[in-house]
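Visitor: I would like to go through this structure step by step. Please keep the answers plain.

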Amino acid sequence: MSVRARIGILMALVGGVGVVLLQALRAVLKRSLDWEQLEESLVRLGLHSLPVIFGTALFVGGIMVIQSAPLMTRYGAHSLLGWGAGFGILREVGPILTGLMISGRVGSNNTAELGTLQVTEQINGLRALAIDPADYLVAPRVVAIVLTTVLGTIFAMVVALCGAAITGQILLGVHPVTFWNGLTGGMLGWPDFTHGVVKSFVFGLVIAGTSTSFGLHARGGAPGVGRAVNESVVLSAVAIFVMDALISFASQGH
Amino acid sequence: MIEVERVYKSFGEPVLRGVNLRVGRGRLVGLVGPPASGKSVLLRIIAGLLEPEAGSVRVDGEEMVGLNYQQRGRLQGRIGMAFQNIALFDHLSVGENLAFPLRRQKALPEAEINGRVSAELAAVGLAGFEERAVQGLSGGQKRRVGIARAAITRPPVLLYDEPAAGLDPVSTSRMFALLVDQKKRLKSTLLVVSSDLDRLFEVTDEVAVLHNGRVLCQGPLGSVLSSQLPPVREFLADVRVPAVSSVPPYDPDSERAPLPPGAFLL
């Protein structure tokens, strides 16, 4: 395949994601999105993801302490445990971890559902009934995925910090108050938290736009839906890391 | 009334090459042609699901081509369509599938919507099926739900793409009888694509033959069968036209009639 053709495919992908996000924005601004579908999507895509986020975040917080324990012990820097864990979790681990979890669980589910609706002509069925799929399918799912990613990230940050504090006490004997003092001692602040939340918002847009666009463009029956899910998850994951790097770079004041 | 003039559409290769078609108000027109002749594409263009590259499509005198999304949506409200692969919404029950367009329109109170759903289901022989899951229906039952959903808003124009595909001969006869019943009951204009030419020709007022992206001839069955155009003669060579229609008048109760002793349904 020529470079020109590859660029064309990339532009089509970016354009498809952009159209999806603009359709969702238009429906939100016009308040024409289907509120019942939004509520249903929030429960199914968001609420049902919490146990997975909880379990993963708890262990990741613990793992961070386990990995840093030898250095902390060697230099007697136990009072820095809260800062170290907080810095990593708020700025990187929380948003990235939640983004990848949401991409794998919610994004793939979204692509599969929309792809199935597409190949079975149920989306054409909606349009034939003069119902705008953007209001009924696209906007509620985009809003639900973005909200799920942002709120899920905040939830993951809290749980991961708890996991780090618990592991710190068990493994290093660092009292939770010491951990808390390290966290709130002045070296960490709202900008670190906001940094993570902004990242999660961008990741949510990436996951929602990619998974919805790939679902709506699925062709070729069940194999086509499978391909769309696969491509959507891979592309979302790559895009999450690319956006993470860009946001991290931009936030350093370069 | 449907008026199609010089409609062109291609997907890399030309599919429709200047189609002209006219379906008069309250008529039932059968659109036939060899596979891949563009029948389903034409139906989708009339329904506003595809935009042609050139040409004009008017539904009850209003132009469909070139409208923006909102304008087209308003015009699509006058059209009911049943798809070849049925396209019922899997996540909704039978009753919810039928009520869906009415609830979205928000024009009728809930009691009236429920009443109309029950009446439409009874009209297609599925009275009492409101709470059934779509996945649990047979192919024929799904098709009848699709037909009922297309007509639930009482649209003046109904488009049916292979309404009898995959049905056994008895169900096929009932399906075509149902279309005739809908035409009379709703006074709608029907354009029906079907590969079952024998049954279709028994119920149509007119036939249009689409070949290689063009309507080669349109008119009453007799005039179409006497066409001297080679593609039309070749396509309709094996058509059997019985003197008396084998499609019985539609009786919704026949769908649930008790079976004779020893008989069973698969």
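Guide: From the N terminus on, chain A reads α-α-α-α-α-α-α-α-α. The model is predicted.

Visitor: What does the C-alpha trace of chain A span along its principal axes?

Guide: Chain A has 254 residues, and buried residues make up 46% of them. Along the principal axes, its C-alpha trace spans about 70 × 45 × 35 Å.

Visitor: Among contacts in chain A between residues at least 6 apart in sequence, what percentage join residues at least 24 apart?

Guide: Two residues are in contact if their C-beta atoms lie within 7 Å. Of the contacts in chain A between residues at least 6 apart in sequence, the share joining residues at least 24 apart is 90%.

Visitor: Why is α4(A) described as largely enclosed by the rest of the structure?

Guide: A residue is buried if 20 or more other C-beta atoms lie within 10 Å of its own. Helix α4 of chain A covers residues 81-119. It is largely enclosed because, of its 39 residues, the number buried is 29.

Visitor: On which residue is the kink in helix α4 of chain A centred?

Guide: Just after α4(A), A:Glu121 has a positive phi of about 65 degrees. The kink lies in the helix itself, is about 55 degrees, and is centred on A:Ile89.

Visitor: Which helix gives the most to the side of chain B that touches chain A?

Guide: The contact takes eleven residues from chain A and 13 from chain B. On the chain B side, α2 (69-76) and α3 (94-105) each supply at least two residues. With three residues, the helix that gives the most is α2(B). By type, the residues on this side of chain B are eight nonpolar, four polar and one charged.

Visitor: Is B:Arg214 buried or partly exposed?

Guide: B:Arg214 is found in strand β10 (residues 214-219) of chain B, and touches B:Arg17, B:Gly18 and B:Val19, leaving out residues up to four places away in sequence. A residue needs 20 or more other C-beta atoms within 10 Å to be buried, and 12 or fewer to be exposed. B:Arg214 has 16, so this residue is partly exposed.

Methods: Residues numbered from 1 in each chain as written. Chains lettered and ligands numbered in written order. Predicted model: local features only at pLDDT ≥ 70, side-chain atom pairs only at ≥ 80, totals over all residues. Helix = DSSP H or I, 4+ residues; strand = E, 2+ residues; numbered from the N terminus. Nonpolar A, V, L, I, M, F, W, Y, C, P; charged D, E, K, R; others polar. Bend = angle between axes of the 7 residues up to and from the residue.
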